[in-house]
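Q: Could you take me through one part of this model in close detail? I would like the cut-offs behind each term as we go.

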Amino acid sequence: RQNLASGRVASGASTLTMQTIRLSRGRKARTFREKIVEAVLATRLEFRSGKEELKMTIDANMYWLPEELFTNEKMLAEFMRCIPEVYGVHARWEEIPGVGKKQIVLEEPKGCENLNYVQGEYMIEKQLEDMDKADVEKAILKIPCCHTWLSLEMCRKFNDGLAEHVKKGNGRFAALAVVPPYGGKEAIYELERCIKELGMTGVQ
């Protein structure tokens, strides 16, 4: 565009890796030194990742819940106890007629369905199949909506389950840790564990 407007070569072309580095560094002054830094970083990025990986399609909002939540009565009871009814959030547990699956339905306010968690929707085979159909190479896993009110103990169980799920995904998943937003120091320690020990890439 600059070349067409000026009628001469005012700006040269740049590679995908160069553009990626330039955008990641913010609005730096276009000095000679900065261009050299960009070139070096872009070369490193290309050797490490390559253009094809940079162009991959990533689903940054794939939900995950442990299947155990639908089969383990103790875990389900603990999950249901976390629901903040005092703030108008209510839940019910039910069989889906004619499907043979169970679901947790969240209502906010009571009587108004807001969200439902369906058994089998978070299994790795189902997720990978859906990703293949949509030509999605990688997905970022997160907990759907309930992350703001889970107890610290429930967060730990979910984080452990997320980490195991990622391990089974053959490199196609990354995960965001879940910790209580008002959990104090213990929540910080759990976040550190998730990043340093479980290999998670961030936090919800």
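A: Glu190 is buried, with a relative accessible area of 2%; buried means under 20% relative accessible area, exposed over 50%, and partly exposed in between, with a 1.4 Å probe and protein chains only. Please keep in mind that this is a predicted model, where local features need pLDDT of at least 70 and side-chain atom pairs count only at pLDDT 80 or more, while totals for chains, interfaces and linings use all residues. Residues are numbered from 1 along each chain as its sequence is written, and side-chain values use heavy atoms, with hydrogens and water left out.

Glu190 belongs to helix α9; helices (H or I, at least four residues) and strands (E, at least two) are DSSP runs numbered from the N terminus. Leaving aside neighbours within four places in sequence, Glu190 is in contact with Leu152, Cys155, Arg156, Asn159 and Val179, where contact means heavy atoms within 4.5 Å.

That brings us to helix α8. Residues 152–167 make up α8, 16 residues in all, and the helix reaches 23 Å from its first C-alpha to its last, close to the 22 Å expected at 1.5 Å a residue; the expected span is 1.5 Å times one less than the number of residues. Its buried residues are Leu152, Met154, Cys155, Phe158, Asn159, Leu162, Ala163 and His165. An α-helix has 3.6 residues a turn, so residues three or four places apart point the same way. The buried residues of α8 pack against α6 (73–82), α7 (124–133), β5 (138–142), β6 (173–177) and α9 (184–196).

Now for how the two helices meet. The axes of α8 and α9 come within 11 Å and cross at roughly 5 degrees; axes are lines fitted to C-alpha atoms, for helices over the stretch in contact, and angles run from 0 to 180 degrees between N-to-C directions. α8 and α9 are therefore roughly parallel to each other, since angles under 35 degrees count as roughly parallel, over 145 as roughly antiparallel, 65 to 115 as roughly perpendicular and the rest as oblique. On the α8 side the contact is made by Leu152, Cys155, Arg156, Asn159 and Asp160, and on the α9 side by Glu186, Ala187, Glu190, Arg193 and Cys194. By class, this contact has four nonpolar, one polar and five charged residues; Ala, Val, Leu, Ile, Met, Phe, Trp, Tyr, Cys and Pro count as nonpolar, Asp, Glu, Lys and Arg as charged, and the others, Gly among them, as polar.

Leu198 lies in the loop between α9 and β7 (202–203) and is partly exposed, with a relative accessible area of 25%. Not counting residues up to four places away in sequence, Leu198 touches Asn159, Asp160, Ala163 and Arg193. The C-alpha atoms of Leu198 and Asn159 are separated by 8.1 Å, although the two are 39 residues apart along the chain.
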